[in-house]
Every structure is written in structure tokens, then in C-alpha cells.
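Here is a short briefing on one protein chain. Look at the charged side chains first, then at the fold as a whole.

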Amino acid sequence: MKLVSIDSAGSSWNVVMDHSQNLALRADYQMSPETFETSSMFVVVGHRGCGKNKVLPQGSTPETRLSIRENTITSFNLASKNEADFVEFDVQVTKDGIPIIFHDDVIVAEDQIPRHIREITLEEFRGMGPQTESTKVSKSLYRKAVDGSIALWTTDVEDSMCILAEAFAEVQPSTGFNIELKFGDDGSTTVEELHRVIDAVLQDVRQLANGRMIYFSSFHPDAVQILRKKMSLYPVFFLTNGGSQTYNDPRRNSIEAAIEVCREGNLQGIVSEVKAVLQHPASVALVKSQGLFFFTYGELNNFGEAVLKQKSWGIDGVIVDHVLEMVRVARQQEEPASPSSAAPGRRTVPVMY
């Protein structure tokens with residue numbers, strides 16, 4: 001049996017590989033005066049908290065599920081209440097060097113001019129979207145709808161957008177963080193910008209982690225390798241579409257290429273779009289044979305049958321939008337359910353604060 005320990009202040013991650021190449025994740029960290037420990041667990045990660053937001057074209061019929069603004073403290077703490085082991089969120093860094101939590105490559109306000117987060121200040125970011133203080137006036141947010149049009153971005157349960165430091169301060173400390181470093185898909189991010197972002201994020205993490213379980217991820221192959229060289233305290237995973245999309249950078253185009261990125265950068269795991277895994281189940285054994293953790297993301301992870309199938313194959317964790325339902329399925333508290341049959345309605349969703 002091989003045991004590799006990754007220690008941080010007040011916490012440790014242990015990667016255990018037995019002779020059958022099965023991996024177990026043990027996250028031990030001190031929460032004075034008690035020690036919280038989970039071992040050999042199948043991890044459920046809340047996607048952007050309690051699920052991503054879909055913006056529908058004007059005139060469309062609203063979805064039956066209650067929508068909660070993604071990547072906000074409210075959404076993170078709801079996922080925690082619904083027993084997600086981790087919450088996944090997207091971190092970018094403003095022009096003035098502040099790590100904020102926001103998914104899209106660009107942010108679009110009332111003037112509908114797309115701006116990169118790196119082009120705006122924290123003050124400008126704070127002035128967009130819903131506000132928790134009634135006296136503050138903000139600019140409405142817009143987002144690309146499913147048909148490609150630009151539409152007003154609203155949700156049923158609103159909260160103001162947040163910065164990384166606020167997530168550390170206000171999200172339940174027992175809930176782990178999957179910090180995704182977000183960069184544009186066009187490959188235009190400079191090496192200098194990669195270092196600027198990574199340095200700012202690591203500064204917050206080193207000052208504020210306080211024993212919280214953390215792992216990093218990114219779709220950018222250079223970013224994960226730079227991050228690993230700068231920091232050896234927390235696991236780093238490489239995100240891949242697994243071949244479901246084709247990019248100019250061949251390192252992003254297959255699970256096999258992702259394994260090579262991990263080997264070269266001494267990374268700890270891969271997060272793949274779930275379709276690639278369901279279409280090629282042998283990829284699970286391939287990744288695990290390399291001593292890597294293997295997580296998946298994607299809309300099919302909101303189907304109980306898909307989650308249980310992956311669990312039986314040896315997948316270590318799933319990133320899901322429908323946290324409450326998939327936690328119950330993963331822990332065998334109820335029969336597998338599809339999003340349509342398991343989704344709580346708008347008037348009955350168990351929103352907890």
C-alpha cells in the first residue's frame with residue numbers, strides 16, 4: 001500500500017492506493033476541539049453552490065425548480081445544509097488584484113458591453129447584480145441565454161455576488177472548497193496573467209483557509225502546473241471535457257492527454273465531463289491505475305442512475321446541480337431519480353438558511 005500525505009496548516013490530505021489500484025480519499029482536519037474525519041468516501045460537490053443558473057430567452061416558460069443565484073454565500077450554505085461535501089466555485093481576479101467568485105468569461109451589465117473581470121475593479125464588480133443592502137443601487141446583470149441571445153439574468157432567490165475572502169468567512173467551515181481557477185477558453189491568457197491570478201488566490205488561501213478542506217482545479221493546463229509549483233499543500237486537479245469538444249491545445253482534448261498533464265505537473269486528479277466517462281467506462285480504470293483521483297461534472301450528474309453507475313465503477317466524486325437529490329441517491333437514502341421526477345417544485349423547495 002502506498003500512502004502520500006499532503007499537509008497544510010491544520011489539515012492533511014492522504015492519498016491511499018492499495019494493491020488493486022483503488023483510491024481512497026481521507027481528509028483529516030482539526031476543528032477544535034474535535035477532529036472531523038471522512039475516509040474512503042464518494043464525494044458529492046455542489047456545482048457553483050446549489051447549482052448553476054440557466055438564463056432563458058424572453059417569453060420562455062420558467063423551469064420548475066427554484067433558482068438560487070449561483071456562486072453566492074446563500075447558494076454555498078444551502079449546498080452545505082443539503083450535505084454536499086464540497087462546493088465548487090469559479091475564482092477570477094479583478095484589475096486591482098482581488099479574487100472574486102464569478103463563472104463567466106465576461107460580465108455583462110445594463111450597457112450590454114462584455115467586460116473581462118481582469119478589466120474591472122472590485123468597486124465596479126460590487127456595483128453589478130443584486131445587492132443585500134436596500135440602499136445600494138446596482139446595475140442589472142445580463143447573460144447569454146440558451147438560444148445565444150443576451151437576456152436579463154434573474155433568479156428566484158437572490159444574493160449579492162461575493163469575493164473569495166467572504167466565502168472563507170461566511171460558508172460553513174465543515175464544507176470543503178473546490179476552487180476552480182477560471183481563465184478564458186480562447187487560450188489568450190498570458191503567462192504574466194496566470195501568475196498574477198494564482199498569486200492573488202494563494203495569498204487569500206494561505207491567510208484564510210483555517211483548516212478547511214480545499215482542492216484546486218482548472219481547465220488551463222499551464223495554470224495547474226504553475227499552481228502546483230507554487231503550492232504543494234492542497235491537491236490540484238486538471239479539468240477536461242474528455243474529448244466532447246475540440247480545442248486548439250491538444251492537452252485539453254482527451255482523458256489520455258489529461259493524464260499526461262497530471263504526470264508532467266505532479267497533479268493529484270482529473271475532473272472530466274461525465275459524458276466522456278459514460279461513453280468510455282474503461283477510462284475510470286485507466287485514470288485510477290495512474291494513482292489519480294477521478295471526479296466528473298456535467299448535467300448527466302443530475303440523474304441518480306448515472307451517479308450510482310459511476311460510484312460502482314470507482315469514480316471518486318461527482319459535481320452536481322441538484323445537491324439534495326444526488327446526496328440522497330449517493331448515500332442510498334432513496335431510489336435513483338431523474339431531475340424531472342426528483343426536482344422540488346417552486347413552492348415546495350426546501351430552502352434552508
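In this predicted model, K182 touches D90, V91, Q92, H103 and D105, leaving aside residues up to four places away in sequence. K182 lies in the loop between β12 (176-181) and α4 (191-208). Which side chain of opposite charge is nearest to K182? That side chain is E180, 4.0 Å away. K182 is buried yet has no salt bridge.

**Salt bridges across the chain**

- Side chains of opposite charge can pair when their charged atoms come close.
- How many salt bridges does a search of the whole structure find? The search finds 18.
- R48, E70, D104 and R143 are linked in a network of salt bridges.

**R65 and E325**

- The side chains of R65 and E325 meet in a salt bridge, with an N to O distance of 2.6 Å.
- This pair links distant parts of the chain, 260 residues apart.
- R65 sits in the loop between β5 (43-47) and α1 (73-81), whereas E325 belongs to helix α10 (residues 323-330).
- E325 counts as buried because its relative accessibility is 5%, and the cut-off for buried is under 20%.

**E166 and R126**

- E166 forms a salt bridge with R126, and their closest N and O atoms are 2.7 Å apart.
- The two residues are 40 residues apart and link distant parts of the chain.
- E166 is in helix α3 (residues 164-170), and R126 is in helix α2 (residues 122-126).
- Is R126 buried or partly exposed? R126 counts as partly exposed, at 25% relative accessibility.

**K288 and D316**

- K288 pairs with D316 in a salt bridge, the closest N and O atoms being 3.6 Å apart.
- Here too the pair links distant parts of the chain, 28 residues apart.
- K288 is in helix α8 (residues 282-289). D316 is in the loop between α9 (304-313) and β17 (317-320).
- K288 is buried, with a relative accessible area of 7%.
- D316 also counts as buried, at 7% relative accessibility.

**Cysteines**

- The disulfide count is zero.
- C50 is buried, with a relative accessible area of 15%.
- C262 counts as buried at 2% relative accessibility.

**The chain as a whole**

- The chain has eleven helices and 17 strands.
- Of its 353 residues, 55% are buried.
- Among contacts with a separation of 6 or more, 63% are between residues 24 or more positions apart.
- The accessible surface comes to about 16000 Å², and 48% of that belongs to carbon and sulfur atoms.

Technical notes
Residues are numbered from 1 along each chain as its sequence is written. This is a predicted model: local features need pLDDT of at least 70, side-chain atom pairs count only at pLDDT 80 or more; totals for chains, interfaces and linings use all residues. Side-chain values use heavy atoms; hydrogens and water are left out. A disulfide is a pair of cysteine sulfur atoms within 2.5 Å. Buried means under 20% relative accessible area, exposed over 50%, partly exposed in between (1.4 Å probe, protein chains only). Helices (H or I, at least four residues) and strands (E, at least two) are DSSP runs, numbered from the N terminus. Contact means heavy atoms within 4.5 Å. Accessible areas come from the Shrake-Rupley method with a 1.4 Å probe; for residues, only the protein chains shown count as cover. Lys and Arg count as positive and Asp and Glu as negative; His and the chain ends are not counted.
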